[in-house]
Structures are given as C-alpha cells and as structure tokens.
Amino acid sequence: MRRSRGAELGRARVAALIASAVVAVSGCSGGGQEGAGASGKPAARAPGVHSWTSGPCELLAGAPPAKGFTVGSTTDSADPDAREDIGENGERPRYRQTGCLAGLTGPDGALWKLSTTAAVYEDVEPARRAYRVKEDLDRAHGRGTERVHDAAYAKPADDQGRPGRTLVLWNGDLLLSVTAFGPYGSKEHEVRDDLGSIVENTARLMEDELRERDAPSPTAS
C-alpha cells in the first residue's frame, strides 16, 4: 500500500480536503491549524473507498496535529482479521479495524494524548448504520454530543480527570473516531481550542490517507 508522499503533494491534498465531517467543531473552530479550518456550513464530501493499513501511526507523520504540536511515541493497533458487526435482520457485516495511540508534545512541552480508530467495512451501508447506532447510543447516554455535520459529531471525553474531545465521522465504507486528551491537571476551558484543532486535523489527515485515490466513489443506498 502506498503510504509515502512528497511534502508538496501532501500540502495540496490537505488544502483540497473539504470541511465535511471534520470542520470547526462547535466552540473549537478558533484554534485550528493554519489553512486547515473553514467557516460556515460544512459541505458534504462524496463517500469514498478506503483501505485498511497495518501501520496507522505512520499516517500521522503527514502533518502536525495542530500548530506547535509534535507527535512523540506511537503504538499501532492493527488487526488484519475481519470482524463481524451486529447487523440488521440477522446480517453480519464485516470490517477490519486499525488504530494508533500517540503521545503529543504541546508548544509549552506539556504531554497530551491522541488515539484514532478506523473501521473499514466491506460495504457502505453497514458503515453508515454503525455510525448511526454509535451516535444514537452516545446521545441516549447523555454524552453531550454536538452535531458537526450530517455524517459527523463530537463529544467530550475524560481520562482520569484529563479533559478530552472525541470526533466521530462516517464517510463511505469508513467509520473513524479520533480522541485527544489534554495534559494532566489541565482544565477543559484551557485546552478546548487545542483539543478541537487536534481532532479535526487528525481526522482530516487519517481519512485522506486511508482513501483510495483511484477507486470509484460508492453511494449509500
């Protein structure tokens, strides 16, 4: 699988990404990376075909997660075996999952945490269904979900007192979740903008890097 790209090509692709599922999370749009944000109503991006990868952490090397942040130690989590989802009417749709856990260093040297999980389904509709089920469950449990787009939502996260932010999006056969946590001892209002920038930019990068450029774009039925 192709994973290396020149800096110029990488910048062009990042610039070309529309704001679909990962633009300006409510309350967090002010802290975005230069050139990575967009104002106004998000525009839908056509569903795409995505590839599973055994080296998800390598995808994070394409761009910093936010201005002044650097990626430190990383741990891949990539299972090549297909899993079965809980489908409707006895169906068992299959998908493969990959993810990355990474340490981040902020502009002031403080340690942050970033994790990504990408589930690549064998078809579009099961991925869409899985996204809707996840969103409904988060909403039903009162987890403070904020709709970012028809195919993306954000919610607060917590890790032993560390404030965090999660962005969940669906695009074609891909269900992607990105979570970032601030440093120990930080307060939510202090890190809100940076958390928003990190999850937005990371989601853009991961979706773009997993997308197959030459594959046809399916549409959900």
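The legends below describe close-up views of a predicted model.

Local features are given at pLDDT of at least 70 and side-chain atom pairs at pLDDT 80 or more, while totals for chains, interfaces and linings use all residues. Residues are numbered from 1 along each chain as its sequence is written, and side-chain values use heavy atoms, with hydrogens and water left out.

**View 1. Strands 6 and 7.** Strand 6 (residues 162-171) pairs with strand 7 in the antiparallel sense over 8 bridges, and T166 stands opposite T179 in strand 7.

**View 2. The second largest pocket.** This pocket (an open set of points on a 1 Å grid over the protein atoms alone, where a 1.4 Å probe fits, with protein on both sides within 12 Å along at least five of seven lines) has a volume, meaning the space filled by probe spheres set on the points, of about 350 Å³. Its lining, made of residues with an atom within 4 Å of a point, comprises 20 residues, of which D85, Y121, A130, K134 and L175 lie nearest the centre. Helix 2 (124-140), from a DSSP H or I run of at least four residues, is among the elements that supply at least two lining residues, and helix 2 gives the most, with 6.

Definitions and conventions:
Pairing = 2+ DSSP bridges.
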